[in-house]
Amino acid sequence: MAPLLELEEVHARYGPLEALHGVTLTVGEGEAVAVLGGNGAGKTTTLRAISGLVAASGEIRCGGERLARAPERVARSGIAHVPEGRGIFEELTVHENLRLGAYLDRRGFFENYERVCAHFPWLDRRRAQQAGTLSGGEQQMLAIARALMSRPRLLLLDEPSLGLAPIVVREIFRILGDLNEKEGLAVLVVEQNAKLALRSSSRAYVLEVGRVALEGPSSELAENESVRKAYLGY
Amino acid sequence: MSEFLQQVVAGLASGSIYALLALGIVIIYRSTGVVNFAQGEMATFTTFVAWTLVDHGVGYWGAFGLTLVIAFVGGIALERIVVRPVEGRPPINGVILTIGLFILLGGLSNWIWKAEVRSFPPSRPFPTSAWDLGGVAVSEQDAGILAVTLVLMTLLWLLFRYTKLGLALRASALNPVASRLVGIRVGWMLGLGWGLAAAIGAVAGLFTAAASPPLDPNMMRPVLIYAFAAAVIGGLESPVGAVVGGLVIGVVLNLISTYDTHLHLDLDRVRLPIALALILIVLLARPTGLFGRQVLRRV
Amino acid sequence: MSRLAAARALAAVLGFAASVAFILIAPHWDKVGDIKGAQMGTYFIAIVGLNIVTGYTGQISLAQGAFMAIGGYTTAFLVTHGVRDLWTIPVAALVAGVFGFLLGIPALRLSGLYLALVTFGLAVAMPDLIAWDKLGSLTKGGQSIQLFGSKHLLGQGFNDVTVLGHTMSFNRAVYYLTWTIALVLFVLAWLLLRGAPGRAFRAVRDSEIAAASSGVNIAGYKTVAFAIGAAYAGVAGSLLVIAVAFADPQSFPAKLSLTILVGAVIAGLGSMWGVLLGAAFVEFLPVASVHISKAQGVPDAIYGAALILLVLLLPAGIAGLLKRAASPLTTRLYTRS
């Protein structure tokens, strides 16, 4: 069976600057995969290439078929992207944000809403609150909830822990773990917090300068000498 | 007192026209970030189209409806073809582009329809009689304009607040990237914004022609300024502000004209400078308009 | 001096010399003539002024025509009250400059598009303001101020004029007067913009926050830019009034402000090099359009379409085009040295 997501020799550029120099990675059905690397390694660009926000060459396949290169159509393929900076609609209410998350799946709205609120109960209580007034952690949770409203097969997450307090981050990753284990949601997480990322994933890739430098089971990478020195701090 | 109320009502009617045009300007600005200097000329052009339809035997209200559709489609086409390329660029590009459009449409109108004097609509769509509401004489035309405007505004409000399409339109204007990630075809939404604005403008043009015959190619020039004033006073991003601004300007200008005879300042001649002064006063107090969002910038 | 800088300097001098040559020859070419040539000169001056406000300092102003009106009416007023026309030009510059400064103060509070709309409002409102009875003592209300025949006007507005031993027609004299002033003002602007003030203006345009943290007095530079731009417009308006020997509210319609802005954009905002071409464009495109078709409305339609195409195809204006055309040359020189 074809993997859920496959990237083969993907190059991407911002104008004259090439950011990805041939990235190859896969995510299987229901897998939790992490992408690590320092600043400028190309982690965010990889996600943006997948969802079509940046022009990319090379093969990107979803379930064996070529993935469309426009964000609107990628969303239709069951891939939900929670970008860097969360990408919520700050001037709209919590409820409106969630309604937008369900844009493609009108009929399942109520069912999805209940499922999502089961993971984030406070969303229903604060449905009329303007999203921009939520705290950082709440905004991140709203962003994830919004992505879940479309019942995706694969969740792309860009630096979910950025700017959040450790206790909030732990809660978010706990929920992600639940989603992955109990509902079989595949997750591709880009994270600078390597320790957390490796603990929450089964496989990981380490990007350096736009290429995959290392890959393997997360447990192995966590023990890897160079990874420990560069990203885990010991 | 009844004279005063009468003038207020008349002012509200002309203000409705400014409000409609201003609303179109705000919708376009919110969705595509462009200030449409051609909004008035678009309205004039579509009004001439309506005249042509009536001239060929279509009934007034049929032509009215058909013109709205034509304007809607035209607006979408304009956005997709001409405006799309400048949407990400610095504001000066949009300014020059829409000024070019302003001149182009003016020239086209002149060429196609010449500058002959025409009366439009040929027979008044609203009866010329006036109602007496508690001692205040309200012309049926003014009442008609107010009523139609009110209905339109309500429909738009319902669209934006309660429908999925309206939500998608708002989202596309607020955060195009996030909108695309959610599956919205932002390009089409932006086109729709222009289509709506063009249709609303068409209504403004048709009302202007009805309120001040004959049909004259320059009829929307001053209206555009009052509409800009309304949009700016209300805050370029606030539809509510644009409507309130338009109504206020209509009433204020009308009252000034009426009471100027007592003041002997000949203010009727300087309506445009007064509108400008109003803009300046409001913007000095609130640089983003009365209802505008204060933009906080992260340093 | 590096090879590249030398090449640039040479190109600049050549360009300048070519422009001067063109200006000397132009009146003899019947397609141009004295009158259109002089008008192009006034546009040139106004465009240079607008470039300082909008191109270099980044404040979109659609009011240049309104300041031309102020300058023009200052001249008209003074000439009818006995002042020699040439002396009114600096006064017009000063008066317009003061009003420019006054506008610059509220402009500080307004961002990009709001400022554009306010200045547009000013441009549209100016004819009405001029025609207002209450200002009649200054502007004669809606009636025109005739300078034709005034002894304070060069050649009384129609006779031959003798300058430095040469006798020429009034129109020719106006032509040379306009372009002499235009060249002087151009050089002044160029000197100003090359130096620290120019850098400060651009700093304000590109990032107010960065400029402020570097100690640049934002408010000062912004208002001064408005004042200078308006002063230039004042000179242009003054020359316009002298050239046609009368002033009336319709001499300075809203369309004029738009024309000047278009000229500045075509030239390439923030660059001095395309200004001559920008002025030529706005002067001659309407004329050329009439040659294509005399049908009512077609010249405007062509003008509008040309503008739209220019924005879509040449976002950096003609100066941008010139730069791109010259870049193969300059790159070659650069890599060789």
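1. Which residue stands opposite A:Leu154 in E8(A)? A:Ala186 does. The strands concerned, E7 (residues 154-158) and E8 (residues 186-190) of chain A, pair in the parallel sense over 5 bridges; pairing requires that DSSP finds at least two bridges between two strands.

2. This is a predicted model, in which local features need pLDDT of at least 70 and side-chain atom pairs count only at pLDDT 80 or more, while totals for chains, interfaces and linings use all residues. Residues are numbered from 1 along each chain as its sequence is written, and chains are lettered from A and ligands numbered from 1 in the order in which they are written.

3. In chain A, 6 strands make an open sheet of mixed pairing, ordered E6-E7-E8-E3-E9-E10. Strands E6 (79-82) and E10 (211-217) are its edges, each pairing on one side only. Helices (H or I, at least four residues) and strands (E, at least two) are DSSP runs, numbered from the N terminus.

4. B:Gly33, with a positive phi near 70°, follows H1(B).

5. The contact between chains B and C takes 43 residues from chain B and 40 residues from chain C; residues are in contact if their C-beta atoms, placed from the backbone, lie within 7 Å. On the chain B side, H4(B) gives the most, with 17 residues.

Note on methods. Contact = placed C-beta atoms within 7 Å.
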